[in-house]
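I opened my notebook to follow a ligand and what surrounds it. Here is what I looked up, step by step.

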Amino acid sequence: MYSIFKTTHSYAAWAVLILLVITVIYAALTFFGNKSWKVSEFKLAFFTFVSCHIQLLLGLVLYFTSPFGMSNLSGETMKDSFSRLLAVEHPFVNILGIVMITMGYIKAKKLLDTVNAPKTIFIYYGIGLLLFLSRIPWSNWL
Ligand code: HEM
């Protein structure tokens with residue numbers, strides 16, 4: 001069970017990051033080109049939003065099943081930077097990133113047909129992407 005979720009979380013990370021990069025670049029291009037977003041353009045932001053939430057669910061299951069998740073929380077874990085990254089920093093910062101993406105999605109949905117829709121997605125999804133990238137366990141993953 002643990003290894004299935006770990007492998008799925010690991011591959012899903014590619015999908016999440018690729019979708020996020022595409023969405024942020026597309027939002028920047030349309031915003032700086034002074035164009036608005038309609039429902040059809042907004043679908044990209046929707047799929048990215050859904051992929052982040054699926055990754056959140058996988059991450060939560062992993063947190064309770066992995067030997068590097070909740071079961072590894074202790075004073076010793078805090079002293080070791082890699083253990084602390086997996087048990088505390090990665091989950092906490094990535095949940096914060098997903099909160100930013102969710103807020104951006106909800107705000108932008110109300111701004112469709114204006115140039116503020118891609119602007120909002122660019123800012124909120126961009127912050128979410130930076131937060132994810134800052135706390136990925138790169139040495140474990142690649
Ligand atoms: C959506 C953002 C997220 C991304 C892009 C992401 C990405 C990753 C990646 C690439 C790994 C390394 C996998 C490997 O070693 O093969 C990992 C590990 C892990 N993630 Fe996430 N993650 C995200 C969100 C979360 C959340 C929200 C939680 C918990 C609430 C979480 C919990 C974990 C745990 C516990 C591990 C360590 C698993 C282990 O090595 O046993 N992740 N994550």
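I began with Y2: an N or O atom of its side chain is 2.4 Å from an oxygen atom of the ligand. I count a polar contact as a pair of N or O atoms within 3.5 Å. Next I found S66, with a polar side-chain atom 2.6 Å from a ligand oxygen. For N94, the polar side-chain atom lies 3.4 Å from a nitrogen atom of the ligand.

A note on my source: this is a predicted model, where local features need pLDDT of at least 70 and side-chain atom pairs count only at pLDDT 80 or more, while totals for chains, interfaces and linings use all residues. Residues are numbered from 1 along each chain as its sequence is written, and side-chain values use heavy atoms, with hydrogens and water left out.

Then I turned to the iron. H9 (NE2) and H90 (NE2) coordinate the iron atom of the ligand at 2.0 Å; donors are N, O and S atoms within 2.8 Å of the metal (3.2 Å for Na, K and Ca). H9 sits in helix α1 and H90 in helix α4, so the pair ties together parts 81 residues apart in sequence. Why is the arrangement octahedral? The 6 donor atoms around the iron atom subtend angles of 85 to 179°, which makes it so. For six donors, octahedral asks for opposite donors over 155 degrees apart and all others between 65 and 115.

I widened the view to the shell of 22 residues around the ligand. A residue belongs there if one of its heavy atoms lies within 4 Å. Helix α4 gives the most, with 6 residues.

Helices are DSSP runs (H or I, at least four residues) and strands are E runs of at least two, numbered from the N terminus. The C-alpha trace spans about 50 × 30 × 25 Å along its principal axes.

Note on methods: A polar contact is a pair of N or O atoms within 3.5 Å; within protein, one must be able to donate a hydrogen and the other to accept it, and residues adjacent in sequence count only if both atoms are side-chain atoms. Four donors count as tetrahedral if all angles lie between 85 and 135 degrees; four count as square planar and six as octahedral if opposite donors are over 155 degrees apart and all others between 65 and 115; anything else is irregular.
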